[in-house]
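Let us walk through this structure, from a helix face to the cores and then the charged pairs.

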Amino acid sequence: MKQYLSSEDTICAIATAPGGALGIIRISGKETFRCLEKIFSPSGEKNLAERKDHSIIFGYIKNTENEIIDEVLVSIFRGPHSYTGEDSAEISCHGSSYILQQVLELLMSNGCRIARPGEYTQRAFLNGRMDLSQAEAVADLIASSTAANHKIAMSQMRGDFSKELNHLREQLLHITSLFELELDFSDHEELEFADRSELSQLTDKIISTLSKLVNSFHTGNSIKNGVPVAIIGPTNAGKSTLLNALLHEDRAIVSEIHGTTRDTIEDTITLGGILFRFIDTAGIRETSDQIENLGIERSFQMIDRADIVLLITSPDSKLSEAEEKEVFQRCEGKKLILLNNKSDLAEMSGQAENTMSISAKTGKGIPELEEVLISTMTQKINENDVLVTNARHLEALSKALDSMHRVKEGLEMNLSGDFVSQDLRETLFHIAEVTGGQITTDEVLGNIFKHFCIGK
């Protein structure tokens, strides 16, 4: 908490990457405009105090000798209508490292200090401009390298995830308020403010929503870090050739010698705005080679880790019945795509669902396979209004779900309201861990008086 104690300081920092034609320095804090007026000479007669909010002013940055350092544009944002919720400004100057350093030194000599990493977003959170999940989404947005990652991060930063949690929070507050009211009137046993059947239905809805959020983490995490796609099959079926075709480069060694690939090879590529992580595995076959057997065991482990499995065979290279059975068992609940490779040598017949004929060597069928991969993940994304991508959020939501299951059990066992209320408060606490909010007794009481008129 000590790091929050300096939030009264006025901070400054370079907000742009080095080497560009332009550079931006951000300032935030109660002394923003006073510091600026010490070093900035605006064009026109009005000083900064008289300028309208969200206006851009042309002028000059001058040093203590009144020498011009640069011609700049200054954007002003008066609190609370700024990113941090404080008085803020941005100085847009030329991208010279010398100029940027000179401006920073002038600001520091007039009362600013250099901002810590993430301090602008931290202040936005502390000043109520965004909740904790939105603040964390800022980092995800900056780090996003694909359209899918950008879309998820932007959705969370704009508050879609927060809205879902706030809706849950309101429902939980309603239930908690009813139980608190019963406890306040515990000496009147004939009074029951909380209808158990109605609360049980509401509890089921909350459990369903929390379960959906928790279950969405698998998809969200895959989208964020790359969807794992395992390429498996017998030796010499064309797995490494397929990896090279999907990556559009010679990433893996291709040989007609059986057992060439003895370990996994991973690489990523973006398809349709989604990052896929393809994993080439050792060919599955019976062998006495100890090292190759270790690679084959790792191939089966990759199936367990993968979201999508590409099982590739060819007319001259197929799995045994036992090997095929084990693969299918491990792929239960996953997207399994069967690939008949080397279709340039022999046409396949009798294809089952999710079976495609391809030629990894010539590229035949590869564009169609890429479309199947894209549509598979697009469908998963569209199945969820909100995707959880943060492990911290997953942990908090999982604990909230456990607490709600105890609430459900308490209602079914007709436990006393004070026991059920305790589990409800735990659920609220864990949800607040995600958003950074806090549940207080005053808030619960306020909710009671808002919906009830006691004494009438």
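The model is predicted: local features need pLDDT of at least 70, side-chain atom pairs count only at pLDDT 80 or more, and totals for chains, interfaces and linings use all residues. Residues are numbered from 1 along each chain as its sequence is written, and side-chain values use heavy atoms, without hydrogens or water.

Start with helix 1, residues 32-39. Its buried residues are T32, F33, C35, L36 and I39 (buried: under 20% relative accessible area; exposed: over 50%; partly exposed: in between; 1.4 Å probe, protein chains only). Seen down the helix axis, they fall within an arc of 160 degrees, so they line one face of helix 1. Helices are DSSP runs of H or I, at least four residues, and strands are runs of E, at least two, numbered from the N terminus.

The largest nonpolar core has 31 residues (buried Ala, Val, Leu, Ile, Met, Phe, Trp, Tyr and Cys joined through side-chain atoms within 4.5 Å). L242, F276, F278 and L310 have the most contacts inside it. Helix 11 gives the most to this core, six residues. A second, separate core of 30 residues includes L199, F217, M404 and V407.

Turn to charge. There are 19 salt bridges (a side-chain nitrogen of Lys or Arg within 4 Å of a carboxyl oxygen of Asp or Glu). R123 and E119 pair at 3.4 Å, N to O. Both lie in helix 3, four residues apart. R123 is buried at 1% relative accessible area, and E119 is buried at 2%. R406 in helix 12 and D423 in helix 13 also pair, so parts 17 residues apart in sequence are tied together.

Key: The arc is that of the directions from the helix axis to the C-beta atoms.
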